[in-house]
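Visitor: I'd like to go over the pockets in this model. Can you put it up?

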Amino acid sequence: MGFKCGIVGLPNVGKSTLFNALTQSAAAAAANYPFCTIEPNVGDVPVPDPRLDRLASIAKSAQTIPTRLTFVDIAGLVRGASKGEGLGNQFLAHIREVDAIAYVLRCFEDPDVVHVEGRVDPIEDAETIETELMLADLDSLERRVPILEKKIRGQDKDAKKTLELVQRILPLLQEGKPTRMAEIADDECVIFKGLGLLTSKPVVYVCNVDEASAATGNAHSARVAERAAEEGAGVIVISAKIEAELAELDAAERKTYLAELGLEEPGLNRLIREGYKLLGLITYFTAGPKEARAWTVTQGTRAPQAAGVIHTDFQKGFIRAETIPYDDYVTLGGEAPARDAGKLRLEGKEYVVRDGDVLHFRFAN
């Protein structure tokens, strides 16, 4: 698993162009008019991780299999979407299925590209998106209240807990604050997730800038960065035009082009990193002659649960995890030299997997 990222934004901010570039496909219709995206487009991309290639080289793996990230391109929102304006609620529903949301914000000036509200103001755009998602959440929770009250009269204890949480969250939305700002106790996490609230998703602001501002950003993106810092949200500066051009180049040409622009890596890499950070995700590896593979788990995952990501039988019959830190595996030249140097550890059920661990699981059939 990787994670699923929804891409949202007002019409004509470069959202579909960015999606096409990131997924290196033409699945989304990118045109200079509102509502050109009619259905949510889904694209799977490999998560770039140079560590995996290094491990595959050392282990002489026949195959290299990266973990994957799913992008969902969701139609442009407009003011009033929560009430059915534009293309309305059908698209808000698609956001419920993602792990994180990328708000694509227009941070470029171009008289040839119309803005749905006739101005370029990424903060206003962000607030329009957020408001529509909050209104949808508010409507959803208000509809739940009488249903939960009826269940409580029937002595439903779970409904009582849910209603208490809903009544605590509602004032937050009424004050114009997203539900991700709510303080949720550990024993409420499952209930909170079950509410399917749009504004509970972690957010990364994607500042779509002109080509000249790709390396340094501009005044528009600086304002967005300030907002992100205040909220604890992620933020990246990206040029959808550049990403589209990169998608057409081979690896060598891409590297040269990035260097000419003063960029170290494509925007995809930065977006994935922000997503991993927001969601608290880490990567562990398995490596051998058949394949080297990357696996994504949340921080704090114990060894049996990490094994279960590969196969449920690995978790059920877990005995131990043979563990080598990535740096030791690479420095010493593989599993056998690491074992000889005493760097291979045997870890049990309580071991918390670390980012970069190279693991081999022992389990009983």
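Visitor: What volume does the second largest pocket have?

Guide: About 600 Å³. This is a predicted model, where local features need pLDDT of at least 70 and side-chain atom pairs count only at pLDDT 80 or more, while totals for chains, interfaces and linings use all residues. Residues are numbered from 1 along each chain as its sequence is written, and side-chain values use heavy atoms, with hydrogens and water left out.

Visitor: What counts as a pocket, and how is a volume defined?

Guide: On a 1 Å grid over the protein atoms alone, a pocket is an open set of points where a 1.4 Å probe fits, with protein on both sides within 12 Å along at least five of seven lines; lining residues have an atom within 4 Å of a point. Points are joined across faces, edges and corners, and the volume is the space filled by probe spheres set on them.

Visitor: Which residues lie nearest the centre of the second largest pocket?

Guide: Pro48, Arg254, Pro266, Leu268 and Asn269, out of 26 lining residues.

Visitor: Which element gives the largest share of that lining?

Guide: α9, with four residues. Helices (H or I, at least four residues) and strands (E, at least two) are DSSP runs, numbered from the N terminus.

Visitor: Now the largest pocket. What is its volume?

Guide: About 710 Å³. Its lining has 24 residues, with Asp99, Lys193, Ser200, Pro202 and Leu279 nearest the centre.
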